[in-house]
Amino acid sequence: MARLLAVLLLLSASVAEAEPPARVTADAFAAPPAATTARISPDGTRIAAVGSGKRSDYIFIVNPDAPSKVLRRINIGKTGLGDLTWANDDRLILSLYNEFKFFGLAIRTAKILVVDIASGEVRRLDDKAKGFTANEVIHVDPGGKSALVSGTEPKSKGASVKRIDLVSGAITPVQDSVAGVSGWFADEQGVVRGGLARDGYRWSIYYRTRPGDPLTKFQGKFNKSDEEIFEAVYFSPLGGETVIVSNHATGRFAAYRLDLKTVEPGALIFENPHGDIDEILRDPDTGRVVGIRYHDERWRTHFIDPDLARVQARLDKALPGADNLIINMSRKRDRFLIRSGRSDDPGVFYLLDGTKGAMKIIFAQYPDVPETSLSLTRQVSFRARDGLSIPAFLTLPKGRPNRSLPLIMLPHGGPFARDTTDYDPWLQFFVSRGYAVFQPQFRGTTGFGRQFVERGYGEWGRKMQDDLDDGLAWLVAQGTVDPKRVCIVGASYGGYAALWGAIRNPGLYRCAISWAGVTDLKMMLDYDRSLFAATRYYRDWRNHITGVNKKDNLADFSPLRQARLLRIPVLVGHGSKDKNVPVIQTEELVKALGKAGIAVETAYYPELAHSFYGTGDFADWLKRNEAFLAKHNPADLPSSAARP
């Protein structure tokens, strides 16, 4: 490890050398990453990664000792990737998903593909299945010859399990569906040992102590209401542990032991004192929890496994300030696939060879975007007008004094989501053009505990919007930004916030840009109700918008219904295939503005859905953003010439 540390320190020093800033083109910012998901094979001799092409995504295989040469490329079509797993050293399992409309409902279907590396053959497992919920591989036998797949068929009572031969495709039923069970757990020998069920707010576990035993149902008082959320269960028969993720104790999601007999939370395993945990990491052979991943001012991993903790500590020491993630490792734990990056580093995959004490670059995710042109995002906080502390992210442009800067206010989507310090091409594009970018994590943002989320219930267009305005006032008081040169920009809920900010507070913003923004809350609420089969999701989403006991007229806070009040320039964009926020939300706003005689710039993209990242149309959208800002809020406009 001493030799490894020396290599890492030298690598870190070379990355940190300063270079003159270069202007990156919109096309370079808009290009899809060279690789997203990546996994190293059990023997450590190959790496499989997912790339994106214009017409089809693809899997490509490289030898980590000679990564510049692609050994095989296999097209998988344009669809969502659920997971990528090595069944053995010569076979991959892919979980892909898609969505379609079925009697007004958005249905997610899944298919599982097996890829033989030597021949390049791609076969769909259980090709005749018509599962309506995402199928899940819950076990692969050590030789990679068969897999257990859990999924739900139409009209079934719950999830069932099949064993599928990865060579012949033969299917053997293993576990019948049980009412309410959404997922099953298997032990290291491929025996289904338990299932997780939910009835309203209440969780149950079905469990068999030994192979062949009948299932026993365990149900406790835990999760008696929505005041306690039992989010996930991780069951390891071989490791002899059951772990849950819950917010019952502090309102922050943390990892706890679970007593199967009472279905009650036990000892705390790990809690992030500043917010929620994000991901449980498990040993692929035993199923035991080895670590927990979370985010504060950057991504961090708390490893319970002492060997992995030592590797992580050395990585973080060698590459300080970066998000250094151990993606996966070889069976012998002698080779590790590492991803390192942060806001001003688009991301690099490394091979860490523990036996040689060396680390090498496998591939950069955005090779055409130089780090020297990017800016570091830092975490700050401010007080809202009611005294609530609001965390935020601030990114300042290079080569300019940090005073009286033009600003892009960039609220995130969701709204019950959050920003992180990951590389964001849209954000960095604005910063590269001379703008500071501010991202308040307004009340209702997830990741900071239940109480912070609940502060946002019923506050669409109200206190959630106040938080943005209060953040702007704080920046102005600091002298960081010029109050006369602020544009508000966002996507999805952020697009709503941008439009509502333009209507509600035209004196604060020179212009607004909305991508796929919600414009009519009632219309969106009705549409969202048709998307979810479970009543609880609709009720929660309704409460999030209107508040539990509030009866405000949603039209009062809908940009479409208040369009006549718009007084500043607006650019709106939308993908015609958007299933999250239908394009009619933008189309109706444009019609209303036209009837009111108010000009608006529009950009519709027939082939885009909700997201534009990594698509050819993204470059066009960036160029339209740049031209719009140059006209209405130019970065080089002196303060004296700004709009009064």
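Before the first stop, one cut-off: buried here means under 20% relative accessible area, and exposed means over 50%. Bear in mind too that this is a predicted model.

**Stop one: a strand residue.** Select Ser204, which sits in strand 15 (residues 202–207). Is Ser204 buried or exposed? Its relative accessibility is 4%, so Ser204 counts as buried. Now show what surrounds it: leaving aside residues up to four places away in sequence, Ser204 touches Gly195, Leu196, Ala197, Lys217, Phe218 and Gln219.

Next, colour the strands in the order 28-29-31-30-32-33-34-35; together they make an open sheet of eight strands with mixed pairing. Which strands stand at the edges? They are strand 28 (377–383) and strand 35 (601–605); each has a single partner strand, so one side of each has no neighbour in the sheet. Look along the sheet and follow the twist, which averages 20 degrees from one strand to the next.

Then zoom in on strand 30 (residues 405–409) and strand 31, which run parallel and pair over three bridges. Pick Leu407 here, and you'll find Ala436 of strand 31 opposite. Over at another part of the sheet, bring up helix 10, which packs on the sheet and touches strand 34 (570–575) and strand 35. The direction of helix 10 makes about 145 degrees with that of strand 34.

**Stop three: inside helix 10.** Stay with helix 10 (residues 584–595) and show the side chains of Glu588 and Lys591. These two form a salt bridge, with their closest N and O atoms 3.5 Å apart. Why about one helical turn between them? Because Glu588 and Lys591 are three residues apart in the helix. Glu588 counts as partly exposed, since its relative accessibility is 26%.

**Stop four: two helices crossing.** Select helix 4 (residues 425–432) along with helix 11 (residues 616–632): their axes come within 11 Å and cross at roughly 35 degrees. The crossing is right-handed. On the helix 4 side, show Pro425, Trp426, Phe429 and Phe430; they meet Phe618, Trp621, Leu622, Asn625, Glu626 and Leu629 of helix 11. Sorted by class, this contact has eight nonpolar residues, one polar and one charged.

How do the partners fare for accessibility? Glu626 is partly exposed at 24% relative accessible area, whereas Arg433, at 14%, is buried.

**Stop five: more charged partners.** Side chains of opposite charge can pair when their charged atoms come close. How many salt bridges does the count come to? The answer is 36. Arg342 is partly exposed, with a relative accessible area of 27%, while Asp344 is buried at 13%.

To finish, select Arg385, Asp466, Asp469, Asp470 and Arg504 together and show their side chains: salt bridges link these residues in a network.

Conventions: Residues numbered from 1 in each chain as written. Predicted model: local features only at pLDDT ≥ 70, side-chain atom pairs only at ≥ 80, totals over all residues. Heavy atoms only, no water. Axes fitted to C-alpha atoms, helices over the stretch in contact; angles between N-to-C directions. Helix = DSSP H or I, 4+ residues; strand = E, 2+ residues; numbered from the N terminus. Left-handed = near helix turned anticlockwise from the far one by under 90°. Contact = heavy atoms within 4.5 Å. Nonpolar A, V, L, I, M, F, W, Y, C, P; charged D, E, K, R; others polar. Buried < 20%, exposed > 50% of the residue type's maximum accessible area, 1.4 Å probe, protein only. Salt bridge = Lys/Arg side-chain N within 4 Å of Asp/Glu carboxyl O. Pairing = 2+ DSSP bridges.
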